[in-house]
Amino acid sequence: MSASRSEITDELDAGGPEPGPHGADLLAALLDGMDAALCAFDAGGVVTHWNREAERILGWSAQEAVGRRGFAGWAVRSADADDVQARLMGAMSVPGRQVHEFALLRKDGGRVLVRTQSARVLGADGRPAGVYCAFSEVHAQIDLERSIALSEALFDDASWGVVLVDVDLRPAVVNGEAARALGAGRSSALGRPLGELLEQGVEELEGALHHVLAEGAPRGLMDLWVVVATADGQPQRRCWRSGFLRLASPLAEEPVPLGVGWLFHDVTDAKLAEQEADRLRFRSSQLHRAGRAAAECEDPMEAATAYLDFALAGFADHVLLDVAEAGGERLVRAAASPAGAPGPCAGPAGGGLPVRYAPGHPVFQAMERAGSVRASCGATGTPGDWAEQRRWPRDAAHALCTVLRCRGRTLGVVTFLRGAARPAFERPDAVYAESVAVLAAAALDLAQLTSD
């Protein structure tokens, strides 16, 4: 127990200065307000103090307990009385605290297993003058120890990241896994604004923390996408599956928020795989729908543009269809989606005109490779100028050119375009574009055969 509690007991039991009326009231208030049960014995083993927590656990009031010699005959079985008394009073002969477990009797006759901490009380002359004993039910002590063990495990060995955030939304405690995820040390992350630890996703995280402080924790987990700066300066986009707990002080009469417990686990790989599976399912569905729509078109050219229309959904912002003429030396614009507004892919008004692409244009590169070519304006370029130089709509920032081939012949090129707000085309996008191009090329070949 604390030194102040020992000093108070020392004064009362060992002939120290007698407390005045206010001192006695203060001592009684202190003892009765303790969370642990406490009793004290003089050198002869007579009970001198008994607080309310001891009364709650065993049912014996202070009036019934104070003045009894030991626990024999009332708070412990007769067969155990000598052993319990010897263990308790044995604390007088050794320094420090002694911890024991034994069964006591309640007033109603029931038994309760308690864990005790006992220590001697020294008198004014420095000699042992008695013993004080603090005790609690073993299951309550075990619950406390489990809570402490859980806290230590979470902050040492947990595979989940664990961060305690104070009411100012600054990390107060960070475990090893969280420190690695944040790219910071366990101590260097403490007290820093979250904006210094994350390059993106701070607004969503702080919004969740504010909600927890004000309203309580959400019922389920949430996925937060963040960007973390790595040691090599290359930011990484990660998805953290996060759970939140509002922390309140157990010592206050009304819940006082101490902060938020934030637990998270990196699910980036699983999330990306899930997104890729969803994307593949959607694109497969679009190809199926495009095939059914094209089968109903009487005009083969209309069927070719139907494939392109269905491919645009969720894939690109614009599509251009350029058909090869004069043995592949010239490309003529056969169809295009409206620039600046959504709409179906259609042929240009007044008939197709040759497209004045410069040598080395990605369209010509795709024809030479008989495959796909990806191009982007880059971080340093201006999308409008970059697109205008290549005869594309000014809002284009990323392009994917795919050759149209059927029966061993190059029929033209289809170009998909994305704006600057969307990511650049990747290899899986090129595979999808080639699947669309195969179907469109077959329809375009049929259109040319029927027009000859």
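User: Which residue of β7 is the bridge partner of Leu-164?

Analyst: In β7, Val-173 is the bridge partner of Leu-164. The structure is a predicted model, in which local features need pLDDT of at least 70 and side-chain atom pairs count only at pLDDT 80 or more, while totals for chains, interfaces and linings use all residues. Residues are numbered from 1 along each chain as its sequence is written, and side-chain values use heavy atoms, with hydrogens and water left out.

User: Where do β7 and β8 stand in their sheet, and how do you know?

Analyst: The open sheet has five strands in the order β7-β6-β10-β9-β8, paired antiparallel. β7 (171–174) and β8 (222–229) each have a single partner strand, so they stand at the edges, with one side of each lacking a neighbour in the sheet. Neighbouring strands are turned by 35 degrees against each other on average, direction ignored; the angle is taken between N-to-C directions on a scale from 0 to 180 degrees, with axes as lines fitted to C-alpha atoms.

User: Why is Leu-104 called buried?

Analyst: Buried means under 20% relative accessible area, exposed means over 50%, and partly exposed lies in between (1.4 Å probe, protein chains only). Leu-104 has a relative accessible area of 1%, so it is buried. Its place is in strand β3. Contact means heavy atoms within 4.5 Å, and, leaving aside neighbours within four places in sequence, Leu-104 is in contact with residues including Leu-58, Phe-71, Val-76 and Val-112. In the protein as a whole, 41% of the 452 residues count as buried.

User: What makes a set of residues such as Cys-39, Ala-81, Met-92 and Leu-104 part of a core?

Analyst: A nonpolar core is a set of buried Ala, Val, Leu, Ile, Met, Phe, Trp, Tyr and Cys residues joined through side-chain atoms within 4.5 Å. The largest such core has 32 residues, of which Leu-308, Phe-315, Leu-404 and Phe-416 touch the most other members. Its largest share, nine residues, comes from α14. A second, separate core of 27 residues includes Cys-39, Ala-81, Met-92 and Leu-104. The C-alpha atoms of Leu-104 and Ala-81 are separated by 9.5 Å, although the two residues are 23 places apart along the chain.

User: How do you know where the buried residues of α5 lie around its axis?

Analyst: In α5, Ala-81, Val-84, Leu-88 and Met-89 are buried. Seen down the axis, the buried residues of α5 fall within an arc of 110 degrees, so they line one face of the helix. The arc is that of the directions from the helix axis to the C-beta atoms. The face turned away from the buried side of α5 carries the exposed residues Ala-79, Asp-82 and Ala-86. The buried residues of α5 pack against β1 (37–42), β3 (98–105), β4 (111–122) and β5 (128–137).

User: How does the reach of α6 compare with what is expected?

Analyst: The expected span of a helix is 1.5 Å times one less than its number of residues. Helix α6 (residues 138–156), with 19 residues, reaches 26 Å from its first C-alpha to its last, close to the expected 27 Å. Buried in α6 are Val-138, Gln-141 and Phe-155. They cover an arc of only 130 degrees around the axis, so they are on the same side of α6. Exposed residues Arg-146 and Leu-150 are carried on the face of α6 turned away from its buried side.

User: What makes β1 mostly covered, and which strands does β1 run antiparallel to?

Analyst: Five of the six residues of β1 are buried. Six bridges join β1 to β5 in the antiparallel sense, with Leu-38 and Ala-134 as bridge partners. Three bridges join β1 to strand β2 (residues 47–50), also antiparallel, and Cys-39 has Trp-50 of β2 as its bridge partner. In the hairpin of β1 and β2, with four residues between the strands, Gly-45 takes a positive phi near 85 degrees.

Key. Pairing = 2+ DSSP bridges. Helix = DSSP H or I, 4+ residues; strand = E, 2+ residues; numbered from the N terminus.
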